[in-house]
Structures are given as C-alpha cells and as structure tokens.
Amino acid sequence: KINLSKEELIINKCGLILMAAGASRRLGRPKQLLVYKGQSLIKQVLALMQTTGMPAVVVLGANMEAIKNEISGTTIPIVENKQWNDGIASSIVCGLEALTKTIPDLDGAIFLVCDQPFLAVSFLQELLSRQNTTGKPIIASSYGNTAGIPALFHKTYFPELLSLKGDAGAKKIMQAHATDMITIDFPLGHMDIDTEEAYKMLNND
C-alpha cells in the first residue's frame, strides 16, 4: 500500500510512452504501418500524442528503419529498444527510462500502443483528470472484462515498471495493486489488430 496523501499522489507532469517495437508476428507484417482512414496507425497515434501537448517518446524495435521512414516528420523523440525481442516489458523499461532522463520531474506516465484506432485525445485527458480528482495512482482502461492500456501510472510505480521482464506488461502491476486502481470505460479498446481478419473487419466498419 502506498503511504502518500491524496495531494502527494496528484500527477502534475505526465508523459506519454508509445510502445511500437513489436514484430507483429501473428499479423505477418508491421501493424504500425497498416493504413486506416488514409493514414498509418502509428502516424495517427503520434498526431494524437502531439495534440495533448504532453512530453512523449515513441519506442521502436522491429522493422525500425521502415517505421522511422514512415514517421520521419515527427517531432516526438524516437527511442530504440534493442531488446524488443524479449517482450513488451523491454519497451516499457526503454520508454520510461528515456522519458524520465529528459524530464526528471515527471510524476506520471501513460502507456499507449499503436493498434487502438478508436483512441481519442479526450480519453487521454480523461485518464489524467480522473487521476487528479481521485488521487488514485493507477488509472486504466476497461474493455472486454479486463483492465488494460492506455494506462496511467503515478511515479511511485516507476520502480516496479522498470523491473518488469519478458512478456509481463503493465497488467501484472495492475493485477497486483487492484485496490490502488480505477478504470475508465473504453468500449472500443479491445479492437486490436493482431490478424489480417481483424484488419479487414476494421476497414469494413
């Protein structure tokens, strides 16, 4: 249990970490480059991140050169995760280390992925405003009977996030600290694009 007052738990400086280092093995091609409504998924989410005005980083790994070419115009710093093959935890660590190094007074971070095409800026703002009103150190998205990403973590959880290994993502921490967490409904958050079928369905909506 965290022994901090509600005031001490309020996040004032929040950053965004886009984890886009995966190889999309099930899909068989980089999902970051899939086009939806005329634009690649990664460009869409980077544009959304820029709109928030929050400090941000994008973590790349597999297919790095192709993705870097796609986002060559972005002002968001790119961080290379050389250990991307080890699983999602390596991207969490890589992104959080990079962001806290450039912004030492960061007191919160929201983790994002590329394949949630229905994500809106207003939802990210809601995560932060709900955190500020409740003082809860973890605010997660709720969809398909689970708590998931996008998820906001107060800096008290940074050490735990930085110690994650392999395919244990942020969900492991959410499950371990359920009493410190509240969730916000993100009805279309389950729409991830792991297969060609899912991508076809997305484009037929």
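**Reading the sheet, its helices and its aromatic pairs**

Me: The bridge partner of Ala 140 is Ala 151, in strand E8. Do strands E7 and E8 run parallel or antiparallel, and how many bridges join them?

Reply: Strands of a sheet pair through backbone hydrogen bonds, either parallel or antiparallel. In this structure, which is a predicted model, strand E7 (residues 138–143) and E8 run antiparallel and are joined by 6 bridges.

Me: In what order do the strands of the open sheet stand?

Reply: The sheet has 7 strands in the order E5-E4-E1-E6-E8-E7-E9, with mixed pairing. Strand E5 (78–80) and strand E9 (181–185) stand at the edges; each has a single partner strand, so one side of each lacks a neighbour in the sheet. With direction ignored, neighbouring strands are turned by 30° against each other on average.

Me: Which strands does E1 run parallel to?

Reply: E1 is joined to strand E6 (residues 108–113) by 6 bridges, and the two run parallel. Within that pairing, Gly 15 stands opposite Ala 109 in E6. E1 also runs parallel to strand E4 (residues 56–60), with 5 bridges; there, Leu 16 has Ala 56 as its bridge partner.

Me: How many residues of E1 are buried, and which of them point one way and which the other?

Reply: Strand E1 (residues 14–20) is mostly covered, with 7 of its 7 residues buried. Cys 14, Leu 16, Leu 18 and Ala 20 point one way, while Gly 15, Ile 17 and Met 19 point the other way; all are buried.

Me: Which strands does helix H1 lie across, and which does helix H3 touch?

Reply: H1 lies across E1, E4 and E6, running at about 175° to E1. Helix H3 (residues 88–102) packs on the sheet and touches E1, E4, E5 and E6; its direction makes about 145° with that of E1.

Me: What does the side chain of Gln 44 reach?

Reply: Gln 44 is found in helix H1 (residues 41–52). Its side chain reaches the backbone oxygen of Gln 39 at 3.2 Å. With neighbours within four places in sequence left aside, Gln 44 is in contact with Tyr 36, Gln 39 and Pro 117.

Me: Which residues of helix H7 are buried, and which are exposed on the other side?

Reply: An α-helix has 3.6 residues a turn, so residues three or four places apart point the same way. In helix H7 (residues 196–203), the buried residues are Ala 198, Tyr 199 and Leu 202. Seen down the axis of H7, these fall within an arc of 100°, so they line one face of the helix. On the other side of H7, Glu 197, Lys 200 and Met 201 are exposed. Strand E2 (35–36) is included in what covers the buried residues of H7.

Me: How many aromatic pairs does the structure hold?

Reply: A pair of aromatic rings is described by the distance of the centres and the angle of the planes. The structure holds 5 aromatic pairs. For Tyr 36 and Phe 118, the ring centres are 6.2 Å apart and the planes are at 75°, so this pair is edge-to-face. The pair links distant parts of the chain, 82 residues apart: Tyr 36 lies in strand E2, and Phe 118 in the loop between E6 and helix H4 (121–134). Tyr 36 is buried, with a relative accessible area of 4%, whereas Phe 118 is partly exposed, with a relative accessible area of 27%. Phe 111 and Phe 153 also form an edge-to-face pair, at 6.0 Å centre to centre and 75° between the planes.

Me: Which strands hold Phe 111 and Phe 153, and which aromatic cluster includes them?

Reply: Phe 111 lies in strand E6 and Phe 153 in strand E8 (residues 146–154), 42 residues apart, and the pair links distant parts of the chain. Phe 111 and Phe 153 are buried. With Tyr 157 they form one aromatic cluster.

Note on methods
Residues are numbered from 1 along each chain as its sequence is written. This is a predicted model: local features need pLDDT of at least 70, side-chain atom pairs count only at pLDDT 80 or more; totals for chains, interfaces and linings use all residues. Side-chain values use heavy atoms; hydrogens and water are left out. Buried means under 20% relative accessible area, exposed over 50%, partly exposed in between (1.4 Å probe, protein chains only). Helices (H or I, at least four residues) and strands (E, at least two) are DSSP runs, numbered from the N terminus. Two strands pair if DSSP finds at least two bridges between them. The arc is that of the directions from the helix axis to the C-beta atoms. Contact means heavy atoms within 4.5 Å. A polar contact is a pair of N or O atoms within 3.5 Å; within protein, one must be able to donate a hydrogen and the other to accept it, and residues adjacent in sequence count only if both atoms are side-chain atoms. Rings of Phe, Tyr and Trp (its six-membered ring) pair if their centres lie within 6.5 Å; planes under 30 degrees apart count as stacked, over 60 as edge-to-face and the rest as tilted. Axes are lines fitted to C-alpha atoms, for helices over the stretch in contact, and angles run from 0 to 180 degrees between N-to-C directions.
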